[in-house]
Amino acid sequence: MIAEATELDVLAHELQVVKDREAACREARLAIEEKIVSMTEKKEEGTVSTKTEFYKVSVTFGIDRKVDAEIARSLADEMDAERYARIFRWKPEVSVSELKYLKDNNPEVFRQVSRALTAKPTKPSVKVEEIKR
């Protein structure tokens, strides 16, 4: 006996179809971008713009820089403080697990810490996996 598809089954299938199309479009876009980049002047960093009869095409080149936090912290003792502060910025981040622990186990400290935080819901994530029979 074959089960009848529910509305959720239909929506899950439609989502898979659209995601497959989206992936194909992304692959096509990336291939076209690669061809455009191959046709323009190269730079280590910055933007190169080319005008055609119909379009202005801009290609932006960049370098992804990562900081080794431990080494950066050790440099604080070796460098002038003002220069160090101009080079390295420190971004405060919250430990969600510690925050949840405080909420459950130390509400007073949680309220104190919460003054420095804003929280808003994120977009729900949907995952669909086909069940193979």
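How many aromatic pairs does a search of the whole structure find? The search of this predicted model finds 1 aromatic pair, and the partners in that pair are Tyr84 and Phe88.

## The aromatic pair

The rings of Tyr84 and Phe88 lie 5.1 Å apart, centre to centre, and their planes make an angle of 45 degrees, an arrangement that is classed as tilted. Tyr84 has a relative accessibility of 10% and therefore counts as buried, and Phe88, with a relative accessibility of 17%, counts as buried because the value falls under 20%.

## Around Tyr84

Tyr84 belongs to helix H3, which covers residues 81–87. Leaving aside residues up to four places away in sequence, Tyr84 touches Ala72, Arg73, Leu75, Ala76, Met79 and Trp90.

Tyr84 and Val126 are 42 residues apart in sequence, and their C-alpha atoms are 43 Å apart in space.

## Overall form of the chain

The C-alpha trace spans about 70 × 60 × 30 Å along its principal axes. The radius of gyration of the chain is 25 Å, whereas a compact globule of 133 residues would have a value near 14 Å.

Two further values describe how the residues of the chain are packed. Buried residues make up 7% of the 133 residues, and, among the contacts with a separation of 6 or more, 13% are accounted for by residues 24 or more positions apart.

## Ser58 in strand E2

Ser58 is placed in strand E2, which covers residues 56–61.

When residues up to four places away in sequence are not counted, Ser58 touches Thr47, Val48 and Ser49. Ser58 and Val94 are 36 residues apart along the chain, and a distance of 37 Å separates their C-alpha atoms.

## Surface and charge

The chain exposes about 13,200 Å², and carbon and sulfur atoms supply 54% of this area. There are 25 positive and 26 negative side chains in the chain, and the centres of these two sets lie 4 Å apart.

Conventions:
Residues numbered from 1 in each chain as written. Predicted model: local features only at pLDDT ≥ 70, side-chain atom pairs only at ≥ 80, totals over all residues. Heavy atoms only, no water. Rg over C-alpha atoms; globule rule 2.2 N^0.38 Å. Buried < 20%, exposed > 50% of the residue type's maximum accessible area, 1.4 Å probe, protein only. Contact = heavy atoms within 4.5 Å. Areas by Shrake-Rupley, 256 points an atom, 1.4 Å probe, with all protein chains shown as cover. Lys, Arg positive; Asp, Glu negative; His and termini not counted. Charge placed at Lys NZ, Arg CZ, Asp CG, Glu CD. Phe/Tyr/Trp six-rings, centres within 6.5 Å; stacked < 30°, edge-to-face > 60°. Helix = DSSP H or I, 4+ residues; strand = E, 2+ residues; numbered from the N terminus.
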